Amino acid sequence: MASVLNVKESKAERTVVVAGLPAGHFDDLLLTALVKIHFQDINEGGVVEDVVYPTRTKGVAYVTFKEKKVAENVIRKEKHCLAEKAGHIQLIVSHLSEKVFSSVNAVLDLSIFQSQVFLECLVRDLKKKHPTLCFSSLEDNGRISVQGSFLAMKKLKESLLLKANSLLEKSRGFISEQEKRNKQSPRRSPQRSGNSLETPRCSVPEALRRGEIVVLDTDVFHYLKRGNFYKSTLKKYHVLCQERVDGEITTICIRNALAGSRPNHEKLVKEFIEKYSHALHFELRKETFVLEGMENREKVSIKWACKQLSSKYLDVLIKFYETHVDIIGPSSVIYAFKKEAMKLIRHTVR
(Lines give C-alpha, C1' and ligand atoms only; values in the text may rest on other atoms or scores of the structure.)
Protein backbone atom coordinates (compact mmCIF):
# COMPACT_ATOMS: atom_id res chain seq x y z
CA MET A 1 0.00 0.00 0.00
CA ALA A 2 1.09 3.55 -0.56
CA SER A 3 2.01 5.42 2.59
CA VAL A 4 -0.36 8.00 4.05
CA LEU A 5 0.45 11.46 5.28
CA ASN A 6 -0.28 10.80 8.91
CA VAL A 7 2.81 8.52 9.00
CA LYS A 8 6.04 10.26 9.94
CA GLU A 9 8.54 10.48 7.12
CA SER A 10 11.38 9.38 9.39
CA LYS A 11 9.58 6.13 10.14
CA ALA A 12 8.92 5.52 6.46
CA GLU A 13 12.64 5.90 5.75
CA ARG A 14 13.42 3.30 8.43
CA THR A 15 10.84 0.79 7.19
CA VAL A 16 11.29 -2.03 4.68
CA VAL A 17 8.67 -4.11 2.89
CA VAL A 18 9.13 -7.86 3.26
CA ALA A 19 7.27 -10.03 0.72
CA GLY A 20 7.13 -13.79 0.13
CA LEU A 21 6.20 -14.85 3.67
CA PRO A 22 4.49 -18.28 3.91
CA ALA A 23 1.05 -16.92 4.83
CA GLY A 24 -1.33 -19.52 6.20
CA HIS A 25 1.39 -22.07 7.01
CA PHE A 26 2.30 -20.61 10.41
CA ASP A 27 0.57 -18.83 13.24
CA ASP A 28 0.72 -15.05 12.72
CA LEU A 29 2.49 -14.48 16.05
CA LEU A 30 5.10 -17.14 15.30
CA LEU A 31 5.75 -15.75 11.82
CA THR A 32 6.08 -12.23 13.22
CA ALA A 33 8.64 -13.50 15.74
CA LEU A 34 10.61 -15.34 13.03
CA VAL A 35 10.74 -12.19 10.90
CA LYS A 36 11.96 -10.10 13.83
CA ILE A 37 14.63 -12.64 14.76
CA HIS A 38 15.86 -12.85 11.17
CA PHE A 39 16.36 -9.12 10.75
CA GLN A 40 18.01 -8.72 14.15
CA ASP A 41 20.41 -11.61 13.61
CA ILE A 42 21.72 -10.86 10.11
CA ASN A 43 25.06 -9.04 9.91
CA GLU A 44 23.62 -5.87 8.38
CA GLY A 45 20.69 -5.93 10.73
CA GLY A 46 20.14 -3.89 13.83
CA VAL A 47 17.54 -3.21 16.46
CA VAL A 48 14.05 -3.90 15.09
CA GLU A 49 11.63 -1.32 16.41
CA ASP A 50 8.42 -2.86 15.05
CA VAL A 51 7.06 -5.63 12.81
CA VAL A 52 3.61 -5.17 11.27
CA TYR A 53 2.07 -8.50 10.29
CA PRO A 54 -0.40 -9.57 8.98
CA THR A 55 -1.11 -6.70 6.58
CA ARG A 56 -3.70 -6.08 3.86
CA THR A 57 -1.39 -7.81 1.38
CA LYS A 58 -1.03 -11.57 1.69
CA GLY A 59 2.49 -12.66 2.67
CA VAL A 60 3.75 -9.10 3.24
CA ALA A 61 5.13 -7.58 6.46
CA TYR A 62 6.52 -4.13 7.32
CA VAL A 63 9.72 -4.09 9.40
CA THR A 64 10.80 -0.81 11.02
CA PHE A 65 14.36 -0.36 12.35
CA LYS A 66 15.58 2.22 14.84
CA GLU A 67 18.08 3.62 12.34
CA LYS A 68 17.68 4.56 8.68
CA LYS A 69 21.14 3.25 7.74
CA VAL A 70 20.21 -0.20 9.05
CA ALA A 71 17.20 -0.32 6.72
CA GLU A 72 19.43 0.71 3.81
CA ASN A 73 22.00 -2.01 4.65
CA VAL A 74 19.27 -4.63 4.84
CA ILE A 75 17.96 -3.65 1.39
CA ARG A 76 21.49 -3.90 -0.08
CA LYS A 77 21.79 -7.52 1.05
CA GLU A 78 21.17 -9.71 -2.01
CA LYS A 79 19.45 -12.66 -0.33
CA HIS A 80 17.18 -13.02 2.68
CA CYS A 81 16.13 -16.50 3.74
CA LEU A 82 13.78 -17.05 6.66
CA ALA A 83 14.81 -19.40 9.47
CA GLU A 84 15.15 -23.16 8.95
CA LYS A 85 11.93 -23.61 10.91
CA ALA A 86 10.11 -21.84 8.07
CA GLY A 87 11.80 -23.97 5.41
CA HIS A 88 14.53 -21.55 4.25
CA ILE A 89 12.01 -19.45 2.31
CA GLN A 90 13.61 -16.66 0.25
CA LEU A 91 12.17 -13.23 0.95
CA ILE A 92 11.88 -10.12 -1.23
CA VAL A 93 12.94 -6.97 0.64
CA SER A 94 12.44 -3.43 -0.68
CA HIS A 95 12.15 0.11 0.65
CA LEU A 96 8.70 1.22 1.74
CA SER A 97 8.49 3.87 -0.99
CA GLU A 98 9.91 1.67 -3.78
CA LYS A 99 6.90 -0.41 -4.57
CA VAL A 100 4.17 2.21 -4.79
CA PHE A 101 1.19 0.15 -5.81
CA SER A 102 1.97 -2.97 -3.78
CA SER A 103 -1.61 -3.98 -3.09
CA VAL A 104 -4.74 -3.68 -5.19
CA ASN A 105 -8.27 -5.02 -5.04
CA ALA A 106 -10.30 -6.10 -8.05
CA VAL A 107 -13.64 -7.75 -8.76
CA LEU A 108 -13.45 -10.24 -11.63
CA ASP A 109 -16.49 -11.30 -13.64
CA LEU A 110 -15.93 -14.95 -14.56
CA SER A 111 -19.46 -15.44 -15.89
CA ILE A 112 -18.16 -15.15 -19.47
CA PHE A 113 -16.59 -18.60 -19.00
CA GLN A 114 -19.72 -20.16 -17.52
CA SER A 115 -20.99 -21.81 -20.70
CA GLN A 116 -17.68 -23.56 -21.40
CA VAL A 117 -16.04 -24.38 -18.04
CA PHE A 118 -17.06 -25.08 -14.45
CA LEU A 119 -16.32 -21.88 -12.60
CA GLU A 120 -15.45 -23.71 -9.37
CA CYS A 121 -12.76 -25.66 -11.23
CA LEU A 122 -11.50 -22.47 -12.86
CA VAL A 123 -11.18 -20.72 -9.48
CA ARG A 124 -9.39 -23.75 -8.02
CA ASP A 125 -6.87 -23.65 -10.87
CA LEU A 126 -6.36 -19.91 -10.47
CA LYS A 127 -5.63 -20.32 -6.76
CA LYS A 128 -2.96 -22.92 -7.56
CA LYS A 129 -1.35 -20.82 -10.28
CA HIS A 130 -1.45 -17.58 -8.25
CA PRO A 131 -0.83 -18.58 -4.60
CA THR A 132 0.11 -15.05 -3.47
CA LEU A 133 -3.38 -13.70 -4.25
CA CYS A 134 -6.34 -13.76 -1.85
CA PHE A 135 -9.62 -14.93 -3.41
CA SER A 136 -13.08 -14.41 -1.89
CA SER A 137 -15.88 -16.95 -2.25
CA LEU A 138 -17.33 -17.25 -5.75
CA GLU A 139 -20.70 -15.51 -6.01
CA ASP A 140 -23.72 -16.98 -7.80
CA ASN A 141 -23.43 -14.37 -10.57
CA GLY A 142 -19.86 -15.46 -11.36
CA ARG A 143 -18.11 -12.56 -9.65
CA ILE A 144 -15.15 -12.98 -7.30
CA SER A 145 -13.03 -10.48 -5.34
CA VAL A 146 -9.25 -10.74 -5.52
CA GLN A 147 -6.56 -8.94 -3.53
CA GLY A 148 -2.80 -8.87 -3.93
CA SER A 149 0.14 -7.07 -5.50
CA PHE A 150 -0.42 -5.31 -8.79
CA LEU A 151 2.16 -7.44 -10.60
CA ALA A 152 0.49 -10.65 -9.35
CA MET A 153 -2.92 -9.24 -10.30
CA LYS A 154 -1.62 -8.38 -13.75
CA LYS A 155 -0.40 -11.96 -14.26
CA LEU A 156 -3.81 -13.23 -13.15
CA LYS A 157 -5.66 -11.04 -15.61
CA GLU A 158 -3.26 -11.92 -18.42
CA SER A 159 -3.81 -15.64 -17.75
CA LEU A 160 -7.57 -15.08 -17.87
CA LEU A 161 -7.24 -13.26 -21.18
CA LEU A 162 -5.19 -16.16 -22.55
CA LYS A 163 -7.87 -18.54 -21.31
CA ALA A 164 -10.56 -16.47 -23.03
CA ASN A 165 -8.60 -16.37 -26.27
CA SER A 166 -8.02 -20.13 -26.09
CA LEU A 167 -11.74 -20.79 -25.68
CA LEU A 168 -12.45 -18.35 -28.50
CA GLU A 169 -10.09 -20.21 -30.85
CA LYS A 170 -11.75 -23.51 -29.95
CA SER A 171 -15.15 -21.98 -30.65
CA ARG A 172 -13.93 -20.60 -33.98
CA GLY A 173 -12.47 -23.99 -34.87
CA PHE A 174 -15.79 -25.64 -34.06
CA ILE A 175 -17.66 -23.14 -36.25
CA SER A 176 -15.16 -23.48 -39.13
CA GLU A 177 -15.41 -27.27 -39.00
CA GLN A 178 -19.19 -27.09 -39.08
CA GLU A 179 -19.12 -24.64 -42.02
CA LYS A 180 -16.75 -27.00 -43.82
CA ARG A 181 -19.14 -29.91 -43.31
CA ASN A 182 -22.05 -27.77 -44.54
CA LYS A 183 -20.13 -26.91 -47.73
CA GLN A 184 -19.37 -30.58 -48.33
CA SER A 185 -23.09 -31.42 -47.97
CA PRO A 186 -24.87 -28.58 -49.86
CA ARG A 187 -28.05 -30.58 -50.44
CA ARG A 188 -28.68 -31.05 -46.76
CA SER A 189 -31.77 -29.24 -45.58
CA PRO A 190 -30.97 -26.14 -43.48
CA GLN A 191 -33.93 -26.90 -41.23
CA ARG A 192 -33.06 -28.29 -37.82
CA SER A 193 -35.00 -30.81 -35.86
CA GLY A 194 -36.12 -30.02 -32.36
CA ASN A 195 -33.33 -32.22 -30.96
CA SER A 196 -30.49 -30.72 -33.06
CA LEU A 197 -27.72 -28.77 -31.33
CA GLU A 198 -27.23 -25.05 -31.93
CA THR A 199 -23.74 -23.79 -32.73
CA PRO A 200 -22.42 -22.65 -29.36
CA ARG A 201 -22.27 -18.90 -28.99
CA CYS A 202 -18.94 -17.54 -27.95
CA SER A 203 -19.21 -16.03 -24.50
CA VAL A 204 -16.00 -14.01 -24.84
CA PRO A 205 -16.60 -10.23 -24.87
CA GLU A 206 -16.38 -8.49 -28.26
CA ALA A 207 -13.35 -6.52 -26.98
CA LEU A 208 -11.31 -9.73 -26.93
CA ARG A 209 -12.26 -10.86 -30.45
CA ARG A 210 -9.93 -8.40 -32.16
CA GLY A 211 -7.25 -5.94 -31.24
CA GLU A 212 -4.61 -6.03 -28.52
CA ILE A 213 -5.20 -6.01 -24.76
CA VAL A 214 -3.13 -4.13 -22.16
CA VAL A 215 -3.69 -4.44 -18.39
CA LEU A 216 -2.56 -1.51 -16.23
CA ASP A 217 -2.78 -0.24 -12.68
CA THR A 218 -5.51 2.43 -12.70
CA ASP A 219 -3.32 5.05 -11.01
CA VAL A 220 -0.49 4.43 -13.50
CA PHE A 221 -3.01 4.63 -16.35
CA HIS A 222 -4.41 7.97 -15.16
CA TYR A 223 -0.88 9.36 -14.86
CA LEU A 224 0.10 8.02 -18.28
CA LYS A 225 -3.03 9.43 -19.92
CA ARG A 226 -2.57 12.96 -18.56
CA GLY A 227 0.54 13.59 -20.68
CA ASN A 228 1.07 13.90 -24.44
CA PHE A 229 2.50 10.41 -24.88
CA TYR A 230 -0.82 8.56 -24.85
CA LYS A 231 -2.76 10.78 -27.27
CA SER A 232 0.17 11.37 -29.62
CA THR A 233 0.93 7.62 -29.87
CA LEU A 234 -2.69 6.76 -30.71
CA LYS A 235 -2.79 9.52 -33.31
CA LYS A 236 0.55 8.61 -34.88
CA TYR A 237 -0.38 4.96 -35.43
CA HIS A 238 -4.08 5.57 -36.23
CA VAL A 239 -5.47 3.39 -33.44
CA LEU A 240 -8.37 3.73 -31.02
CA CYS A 241 -8.39 2.59 -27.41
CA GLN A 242 -11.39 1.24 -25.54
CA GLU A 243 -10.71 1.70 -21.82
CA ARG A 244 -12.41 -0.18 -19.03
CA VAL A 245 -11.74 0.66 -15.39
CA ASP A 246 -12.41 -2.10 -12.83
CA GLY A 247 -11.45 -0.50 -9.52
CA GLU A 248 -7.66 -0.48 -9.30
CA ILE A 249 -7.17 -2.36 -12.59
CA THR A 250 -7.69 -0.81 -16.04
CA THR A 251 -7.96 -2.84 -19.25
CA ILE A 252 -7.28 -1.21 -22.62
CA CYS A 253 -8.32 -2.74 -25.95
CA ILE A 254 -6.30 -1.32 -28.86
CA ARG A 255 -7.82 -1.43 -32.37
CA ASN A 256 -6.92 0.07 -35.74
CA ALA A 257 -9.00 3.16 -36.46
CA LEU A 258 -8.67 2.90 -40.24
CA ALA A 259 -9.53 -0.09 -42.39
CA GLY A 260 -6.24 0.18 -44.27
CA SER A 261 -4.02 0.46 -41.17
CA ARG A 262 -1.24 -2.04 -40.77
CA PRO A 263 -2.17 -4.86 -38.35
CA ASN A 264 1.15 -4.59 -36.53
CA HIS A 265 0.27 -1.02 -35.43
CA GLU A 266 -1.90 -2.48 -32.66
CA LYS A 267 1.01 -4.56 -31.35
CA LEU A 268 3.42 -1.62 -31.62
CA VAL A 269 1.14 0.64 -29.57
CA LYS A 270 0.67 -2.14 -27.01
CA GLU A 271 4.45 -2.48 -26.64
CA PHE A 272 4.93 1.29 -26.28
CA ILE A 273 2.23 1.57 -23.60
CA GLU A 274 3.53 -1.46 -21.69
CA LYS A 275 7.13 -0.19 -21.68
CA TYR A 276 6.13 3.32 -20.62
CA SER A 277 3.72 2.14 -17.91
CA HIS A 278 6.33 -0.32 -16.59
CA ALA A 279 8.82 2.53 -16.19
CA LEU A 280 6.16 4.65 -14.46
CA HIS A 281 5.28 1.79 -12.11
CA PHE A 282 8.76 1.91 -10.55
CA GLU A 283 9.23 5.67 -10.82
CA LEU A 284 5.97 6.90 -9.31
CA ARG A 285 5.07 7.30 -5.68
CA LYS A 286 1.61 7.80 -4.26
CA GLU A 287 0.73 9.59 -1.04
CA THR A 288 -2.75 9.81 0.43
CA PHE A 289 -4.42 12.52 2.50
CA VAL A 290 -7.06 10.74 4.56
CA LEU A 291 -10.23 12.83 4.97
CA GLU A 292 -12.35 10.37 6.94
CA GLY A 293 -12.89 11.33 10.56
CA MET A 294 -11.73 14.92 10.04
CA GLU A 295 -13.67 18.11 10.64
CA ASN A 296 -14.94 20.01 7.59
CA ARG A 297 -12.42 22.78 8.22
CA GLU A 298 -9.53 20.31 8.01
CA LYS A 299 -10.93 18.68 4.85
CA VAL A 300 -11.29 22.07 3.16
CA SER A 301 -7.71 22.98 4.14
CA ILE A 302 -6.26 19.81 2.65
CA LYS A 303 -8.13 20.22 -0.64
CA TRP A 304 -7.24 23.92 -0.80
CA ALA A 305 -3.54 23.20 -0.19
CA CYS A 306 -3.46 20.60 -2.98
CA LYS A 307 -5.17 22.94 -5.44
CA GLN A 308 -2.80 25.78 -4.53
CA LEU A 309 0.23 23.62 -5.30
CA SER A 310 -1.15 22.03 -8.48
CA SER A 311 0.11 24.85 -10.75
CA LYS A 312 3.58 24.71 -9.18
CA TYR A 313 4.01 20.92 -9.32
CA LEU A 314 3.01 20.08 -12.88
CA ASP A 315 4.41 16.53 -12.58
CA VAL A 316 1.96 15.68 -9.80
CA LEU A 317 -1.43 14.13 -10.53
CA ILE A 318 -4.03 15.02 -7.88
CA LYS A 319 -7.15 12.86 -7.54
CA PHE A 320 -9.90 14.14 -5.25
CA TYR A 321 -12.26 11.62 -3.66
CA GLU A 322 -14.93 11.90 -0.99
CA THR A 323 -12.86 10.04 1.62
CA HIS A 324 -9.31 10.95 0.58
CA VAL A 325 -7.02 12.81 -1.81
CA ASP A 326 -4.33 10.94 -3.77
CA ILE A 327 -1.20 12.65 -5.06
CA ILE A 328 0.88 10.70 -7.60
CA GLY A 329 4.22 11.59 -9.16
CA PRO A 330 8.00 11.02 -9.09
CA SER A 331 9.29 10.23 -5.59
CA SER A 332 11.39 13.39 -5.13
CA VAL A 333 8.60 15.64 -6.40
CA ILE A 334 5.97 13.98 -4.21
CA TYR A 335 8.20 14.40 -1.16
CA ALA A 336 8.54 18.15 -1.83
CA PHE A 337 4.82 18.50 -2.60
CA LYS A 338 3.86 16.73 0.62
CA LYS A 339 6.25 18.78 2.73
CA GLU A 340 4.93 22.06 1.33
CA ALA A 341 1.32 20.92 1.56
CA MET A 342 1.70 20.06 5.23
CA LYS A 343 3.03 23.56 5.93
CA LEU A 344 0.03 25.13 4.20
CA ILE A 345 -2.39 22.86 6.03
CA ARG A 346 -0.87 23.59 9.46
CA HIS A 347 -0.94 27.32 8.71
CA THR A 348 -4.62 27.37 7.68
CA VAL A 349 -5.86 25.04 10.44
CA ARG A 350 -4.43 27.21 13.25
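Reader: In S3, which residue is the bridge partner of Val48?

Author: This is a predicted model, in which local features need pLDDT of at least 70, side-chain atom pairs count only at pLDDT 80 or more, and totals for chains, interfaces and linings use all residues. Residues are numbered from 1 along each chain as its sequence is written, and side-chain values use heavy atoms, without hydrogens and water. Strand S2 (residues 48-52) runs antiparallel to S3 and is joined to S3 by four bridges (strands are DSSP runs of E, at least two residues, and helices of H or I, at least four, numbered from the N terminus; two strands pair if DSSP finds at least two bridges between them). In S3, the partner of Val48 is Phe65.

Reader: In S3, which residue is the bridge partner of Val17?

Author: Strand S1 (residues 15-19) pairs with S3 in the antiparallel sense, over five bridges. In S3, Val17 has as its bridge partner Tyr62.

Reader: How many residues of strand S3 are buried?

Author: Val60, Tyr62 and Thr64 point one way from S3, while Ala61, Val63 and Phe65 point the other way, and all are buried (under 20% relative accessible area, with exposed over 50% and partly exposed in between, 1.4 Å probe, protein chains only). S3 (residues 60-65) is therefore largely enclosed by the rest of the structure, the buried count being six of the six.

Reader: At what angle do helix H6 and helix H8 pack?

Author: Helix H6 covers residues 218-226 and helix H8 residues 264-283, with their axes 10 Å apart (lines fitted to C-alpha atoms over the stretch in contact, with angles from 0 to 180 degrees between N-to-C directions). They pack at about 110 degrees.
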